[in-house]
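Could you walk me through this protein model, as if I were meeting a structure for the first time?

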Amino acid sequence: MIKRALSYFFGTATAIILTMWSSTSGFAQDPAKGEQLFTNNCASCHSVGADKLIGPGLKGVNERHDEAWLIKWIKNPAGMVASGDEQATKLYDQYKPIMMTAFGSLSDDDIKSILAYVDQKNKGGEAKTGGTGDGAPQQVAQSGGGEQSSGFFGVVLVALLVVMILMLIALFGILTVLSRLATVDPSSPEAQKIPFFARLKESTGKLGNNPAFRTGALLLFVLLAGKVSIDGMYGIGIHQGYAPKQPIAFSHKLHAGEYKIDCNYCHTGVNKGKQANIPSPNICMNCHNAVKTSSPEIQKIYRAIEKDQPIEWIRVHNLPDLAYFNHSQHVNVGGLQCQQCHGEVEKMEVIEQRSTLTMGWCIDCHRKTSVNAKDNQYYDKLVEIHKKEGVKDMKVADIGGLECSKCHY
């Protein structure tokens, strides 16, 4: 029985280890991996079905374009447009001045997995929101570091494997002791003189005094404590998922989603200033002086106006004072969509922070995002210089996007 238990445990552990390994190594045409990739990179710009979001719906994308072409397009859309590719130029003309983000860090197998997932979801029935690279720019991965985070995950995986091995050794030792106890004949005079629990206590004491067992247990404790500490430190200052209750139950899903009110109508500074601005009550009154005037939530706005008091909205997205961020630089010049940083706001009943907003997350975006220099004379000489140096697809990182003074000064 004990041998069967050991065999079952070792078999289960082996399956877990192989599953963890396969989840990091990945295979071509893996829809499960593709789902994770497009959720992290693409979901805010494309739907898996035919619905158009920021970019086109992906239903039938494998029929519209050749797989080899899609791989090239997803990795370097700006380069394909510059080369005069007919399909790439047609897509850019349809969605310009927005240029899709280049995903050079994705391997061919990663892209094939995304395409396989899209194809699977459309064949399986109703499609969920998702995306790949067939048009407009896509959302930068939510993780804070791209390749860096993958490397860190590899270290964590190795540590977990070590913990698993130590647990197996400890379990083997315990089962060995119990096996020896079980081999004693209960009818023998020796077994009758010494109670079972007394023998078990004695054997456990010997196991506890074993230097190898104590060392393994201590190492296991140190590893677990270290992992908990590291996870805690990485989470300091990150408020992803923060969705406080606001003084007025304002629904972005209703206003931006159902009624299609442009973000710029309320957030007036997003195209011309550092701050996007929280709308003042008079902007609300442009509609609500006649719409739903008896609503309890609208009455709160009336009372604020009558008392000449501001509405005390709770800030959701908040960068530390040591970091400088300018909305107009990213939205007006960079052509970024609100959803790329804030998520699908038009689907949120209660606004929440979807991205980590960490420094690694910003740097990762600067490394992946191509500079939209087409038909912009400001970049003409800079593009010429970069082409001489062999840089075909100029990223934000190539024009100082990784310099400390860009955000800290």
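**A walk through the helices**

Start with helix α4 (residues 67-75) and helix α7 (residues 108-123): their axes come within 10 Å and cross at roughly 110°. That angle makes α4 roughly perpendicular to α7, because angles of 65 to 115 degrees count as roughly perpendicular, under 35 as roughly parallel, over 145 as roughly antiparallel and the rest as oblique. Axes here are lines fitted to C-alpha atoms, for helices over the stretch in contact, and angles run from 0 to 180 degrees between N-to-C directions. The crossing of α4 with α7 is right-handed; a crossing gets that name if the near helix is turned clockwise from the far one by less than a right angle, and is left-handed if anticlockwise.

A word on where this comes from: the model is predicted, so local features need pLDDT of at least 70 and side-chain atom pairs count only at pLDDT 80 or more, while totals for chains, interfaces and linings use all residues. Residues are numbered from 1 along each chain as its sequence is written, and side-chain values use heavy atoms, with hydrogens and water left out.

Which residues of α4 and α7 meet? On the α4 side they are E67, L70, I71, I74 and K75, and on the α7 side D108, I111, K112 and L115, where contact means heavy atoms within 4.5 Å. By class, this contact of α4 with α7 has five nonpolar, no polar and four charged residues. For these classes, Ala, Val, Leu, Ile, Met, Phe, Trp, Tyr, Cys and Pro count as nonpolar, Asp, Glu, Lys and Arg as charged, and the others, Gly among them, as polar.

Now compare a second pair. The axes of α14 and helix α15 (residues 296-306) come within 11 Å and cross at roughly 130°, so α14 and α15 are oblique to each other. Their crossing is left-handed. P281, C284, M285 and H288 in α14 meet I298, I301, Y302 and I305 in α15. By class, that contact has seven nonpolar, one polar and no charged residues.

Next, look at the loop between α13 (263-266) and α14 (281-288), where G273 sits. The C-alpha atoms of G273 and H327 are separated by 6.3 Å, though the two are 54 residues apart along the chain. H327 belongs to helix α16 (residues 327-333). Is H327 buried or exposed? H327 counts as buried because its relative accessibility is 16%. The H327 side chain reaches the backbone oxygen of K274 at 3.0 Å.

Finally, step back to the whole protein chain. Its secondary structure comes to 19 helices and zero strands, both being DSSP runs numbered from the N terminus (helices are H or I, at least four residues; strands are E, at least two). Of its 409 residues, 34% count as buried.

Methods
Buried means under 20% relative accessible area, exposed over 50%, partly exposed in between (1.4 Å probe, protein chains only). A polar contact is a pair of N or O atoms within 3.5 Å; within protein, one must be able to donate a hydrogen and the other to accept it, and residues adjacent in sequence count only if both atoms are side-chain atoms.
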